[in-house]
Amino acid sequence: MLLKKLTEASGISGNEKEVRDIILDEIKGYVDNIKIDKLGNVIVYKEGKNHSKKLMITAHMDEVGLIVTNIDALGLIKFVPVGGIDKRILVSKPVLIGKNKIPGVIGSKPIHLQKKEEWEDALGIDQLYIDIGVDTEEEAKKLINIGDYISFDSDFVEFGENLIKAKALDNRVGCSLLIEILKETKDIGFYGVFTVMEEIGLVGAGPAAYSVDPDICIVLEGTLCYDVPQIDKHLIPTYLNKGPAISLMDRTTLFDTNLRKKIIKIAENNKIPYQYRKTAMGGNDSGKIHTSKDGVITTTISVPCRNIHSPTSVMSKYDYENAYKLLKAILFEYEKGAL
Amino acid sequence: MIFNSNNLKELVSIYGPSGNEKKIREYIEEQIKDHVDELETDRLGNLIARKKGNGKKIMIAAHMDQIGLMVTDIDDKGFLRFTNIGGISPHTVLSQQVIFENDTVGVVSAEPIEDISKLKLSDMFIDIGVSSQEEAKQFVDIGDICVYRSNYGENNNVVFTKYLDDRVGCYIAIEAIRRIKNPKNDLYFVFTVQEEVGLRGAKTSTYKIDPDIGIAIDVTASGDTPKAKPFSVSLNKGTAIKVKDNSILTHPKLRQVMIDTAKENNIPYQLEVLEFGGTDSGAIHLTREGIPSGVISIPTRYIHSTIEMSSKNDIINSIKLLLKLLEKDINL
Amino acid sequence: MDINNFLEILTNGSSISGHEYRLNDKISSAFKIYTDDIYIDNLGNIIALKKGRNNDSNLKIMMAAHMDEIGLMVKYIEDNGFIKFTNIGGIDPRTLLGQEVIVHGNRDLYGVIGSKPPHLQEASEMNKTIKMEDMIIDLGYSKEEVEKYINIGDVITIKRKLRALQGKRLTGKALDDKSGIVAMYECIKELSKMEYEADVYFVSTVQEEVGMRGAYTSTFDINPDIGISIDVGFGSTPELPKEDTLDMGKGPGITLGGNIHPGLRQQMVTIAEEYNIPFQTEVTPGPTGTDARAMQITRSGIPTLCLSIPLRYMHTSVEIVDMRDIKNTAKLLAFFIASISNENLEGLLCY
């Protein structure tokens, strides 16, 4: 399965090569032009009927993770996060380090030697380290270099009713949607862009938008989902199993209202379930894209992911399938010139 | 099965704090003596009643002791200072009436305090309405223990009273003793002492009996009041079969037998995962070579207050489950 | 069976305190071929007896390693099918977030532990631990579906496979105290090739993590002359005080303190030195938090010893153990047992 392959690959922001190679391998033969720009963005063009408006669809390739900053005398590895990671999810997890994927674990002080008050405070990054089972700096340095990227060791699992657990669903789910739409559509001309380094400040998106210079852009994302019964409804950002989420606003963009209304009409006409992304928190590549050059009309379509930015993100295949249907329906309208 | 209110009302009203269970023991003895084959009181004061049978040796424990207050000092003006026997919260005991073994009644109050959340038992006292130490000593002495004095209440659904913990367990055991005619198993009903201060009576009585199986009957909490922490036991949803508390992880096979028994007889039941507390089975199961043990719990709101509340249906269903269980051929 | 394989089977399995029976067959079948008798007692302890030679005086040595592991238990099912849980044994709530779990209902269900995402939290909350009561397990099913398979009281295991790190180090969950069971297993294999007098009871105890409950009852049953607990000790890491820890790969800790019989301990040290088995000293003045505590105060009192296998990150799901330490523990135990006879025991126990 494509999503399995994508999520199990490592692609920490700034080190997307493994993911990029999978993408290139997947799409070759299905697109008319592939370019890898100077930052590592993959920009592809699919030829089709010419339109007055230029459409770009993007998904970022990178994921949050960790990077090695130091190896101490005991061979224990210090690290810092790459991208927004809640430090509280790091303890008691296995990780894979560097190109050779050396296994290690992030341990913590045994509960027996802690005072109860200690539990109340989250462990800081400076209190954590990775143990790969060696005793000296020398042994560790044979296997690990400072600057090696570290990803969670978490496999792709299908469980429950239609659910998937994996790491990096944000945003391999967007990559997967974009790959599939690139492979399946014919005669619709648009740009597909797989961006780098979204998680460390929307780095790749600006330059990519500058090169492509689109009129309209659809950003595909995995977005946060928290749908427990105790929470007030207006505070729930998205639900699982209620279809793709269409963004209203986030910290980087006020999404174009007309485009949003058109998309909702398309969803309703095609009987595709959808929901609004109801929080203003977070941000994505659209922030850089919609302010590129003289401006771009943007929208974001997301697959809701519980436990986002953790090794155990969860999404629904139902939401994925409907996001794909919606994307296809939008392209169909675009082809008719109705977008 | 008809709910026998009078018997329960009497049970909760009889004096018997931990270590001073004589009166309640005598009352229970009277209630069951015509229905058992053997009856004895052991060295710590546990009442052990046997109904002979040929099957497994099963010990059924309900504790007859209750929480109370022990007088530690009598001041010049006759005010009594006290310590707690068992789990007494300062907020619950404030403004309550208490009664001593000799029927002396007192009321509990506290020194003036600015922040009521900082109320401590050591700042509280009992007023028995006398004016001097000398006068007080005519009624009470240091070391005397008093218990809550309050009225028994009930409606069609529930009872609410002091000391359902664990007189309702005693009530269930007594009902079972009276109803079982020809026991299949060899039954030892034990009305234990000193549960509230550390499961002490259960420890020694189990050592003596050395049963094959232990079953405690006691109250458990209820998670169905406003903003209660998530706890899957509610009033009026059936008897509760314990999975765990802080004293025991009940024997999985015995627990399954209890569940199966409830199911076979259409007795409503709930499973109980309690994150605190403990009961006699905690001591029973660790005795000698180990004794597979379980607990039948009665869902109860406001435990250790004067308004402990249980559902009549749950109590009846607890009796039913105990009866059916004891009549079973139990192979673990 | 190779001890790495045995350890893998044990740690990948599930044996939450009170529900250890899931491992009964695995442990029994491994020990069986080396024993004269093996049985499971009332609380679930697995007792394997290996008889000594010419043991006219009925000398008995009991070894205890606990087969139970810490874990979680279902306490509540939410309206949307999420599970609320409580802990069995000591668990730092901080180690739970983001874990994958197996809920053992009438069928095993996979789930993940989640909580409120950081995006929706106040900045001040971010430095606070998320409480266990605020976490949920997501099984991916509706309440209706969940209730078909899961009941209140079902136990939950963290899903983690044993994995090799560098050298002889392995990482996984519940190496506390499956490492001890494996050390006993290696010891019984060693003893099969040796001459010794005592009847040796290898006890895989239950419910150690909730208060050494299995050790109390099994010790009462066996009533041994010597009790030895094989448990894990805190492996040294930079944040821990040196005096509380044992170094990895440098042999078992031989505990010293009130819980331990001084004469027997001296004999253990002598044997280690005689056979060049590396060992370390672990100082515990009061009762150890191990089965040795229960053994010591059972019946008329039993002289006890405690060996600790160094283990890092205790009670997390990424515990680390060094196989060399397990092997050295086993070797030390075997030579120690062979050194005990009815004739010398009285002398060793003499104060």
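Reply: Before the contacts are counted, one term is needed: two residues are in contact if their C-beta atoms, placed from the backbone, lie within 7 Å. The model is a predicted one, and the predictor gives the complex an ipTM of 0.85 and a pTM of 0.89.

Me: How many residues do chain C and chain A bring to their contact, and which strand gives the most to the side of chain C?
Reply: Chain C brings 51 residues and chain A brings 50 residues. On the side of chain C that touches chain A, at least two residues each come from strand S7 (108-114), strand S8 (136-138) and strand S11 (169-172) of chain C. By class, that side of chain C holds 21 nonpolar, 16 polar and 14 charged residues. With 3 residues, the strand that gives the most to it is S7(C).

Me: Which elements of chain B give two or more residues to the side that touches chain C?
Reply: Here 18 residues of chain B are in contact with 23 residues of chain C. The side of chain B that touches chain C is made up of 10 nonpolar, 3 polar and 5 charged residues. The elements that give two or more residues to it are strand S14 (239-244) and strand S15 (269-273) of chain B.

Me: What confidence does the predictor give chain C on average?
Reply: In chain C, 100% of the residues score at least 70, and the average pLDDT is 95.

Me: Which residue in the hairpin of S4(C) and S5(C) takes a positive phi?
Reply: Strand S4 (residues 71-77) of chain C is mostly covered, with 6 of its 7 residues buried. S4(C) pairs in the antiparallel sense with strand S5 (residues 83-88) of chain C over 6 bridges, with C:Tyr76 opposite C:Lys84. S4(C) also runs antiparallel to strand S9 (residues 155-158) of chain C, to which 2 bridges join it, and there C:Met73 stands opposite C:Val155. In the hairpin, which has 5 residues between the strands, the residue with a positive phi, near 95°, is C:Gly81.

Me: Which residue just after H6(B) takes a positive phi?
Reply: Within helix H6 (residues 200-209) of chain B, the buried residues include B:Arg200, B:Ala202 and B:Ile209. The buried residues of H6(B) pack against strands S2 (47-51), S3 (57-63), S12 (186-192) and S13 (213-220) and helix H8 (281-284) of chain B. Just after H6(B), the residue whose phi is positive, at about 50°, is B:Asp210.

Me: Which residue of S17(A) stands opposite A:Ala166?
Reply: Strand S17 (residues 313-316) of chain A is covered on both faces, with A:Ser313 and A:Met315 buried on one side and A:Val314 and A:Ser316 on the other. Strand S11 (residues 163-166) of chain A pairs with S17(A) in the antiparallel sense over 4 bridges. Opposite A:Ala166 stands A:Ser313.

Me: Why does A:Tyr324 count as buried, and with which residues is it in contact, leaving aside its neighbours within four places in sequence?
Reply: A:Tyr324, in helix H9 (residues 317-335) of chain A, counts as buried because 20 other C-beta atoms lie within 10 Å, and the cut-off for a buried residue is 20 or more. Its C-alpha atom is separated by 9.7 Å from that of A:Ser176, 148 residues apart along the chain, and A:Ser176 is one of the buried residues of H5(A). Helix H5 (residues 169-184) of chain A has 16 residues and reaches 22 Å from its first C-alpha to its last, with 12 of the 16 buried. Leaving aside neighbours within four places in sequence, the contacts of A:Tyr324 are A:Leu177 and A:Glu180.

How values were computed:
Residues are numbered from 1 along each chain as its sequence is written. Chains are lettered from A and ligands numbered from 1 in the order in which they are written. This is a predicted model: local features need pLDDT of at least 70, side-chain atom pairs count only at pLDDT 80 or more; totals for chains, interfaces and linings use all residues. Ala, Val, Leu, Ile, Met, Phe, Trp, Tyr, Cys and Pro count as nonpolar, Asp, Glu, Lys and Arg as charged, and the others, Gly among them, as polar. The expected span of a helix is 1.5 Å times one less than its number of residues. Two strands pair if DSSP finds at least two bridges between them. pLDDT is the predictor's confidence in each residue, from 0 to 100.
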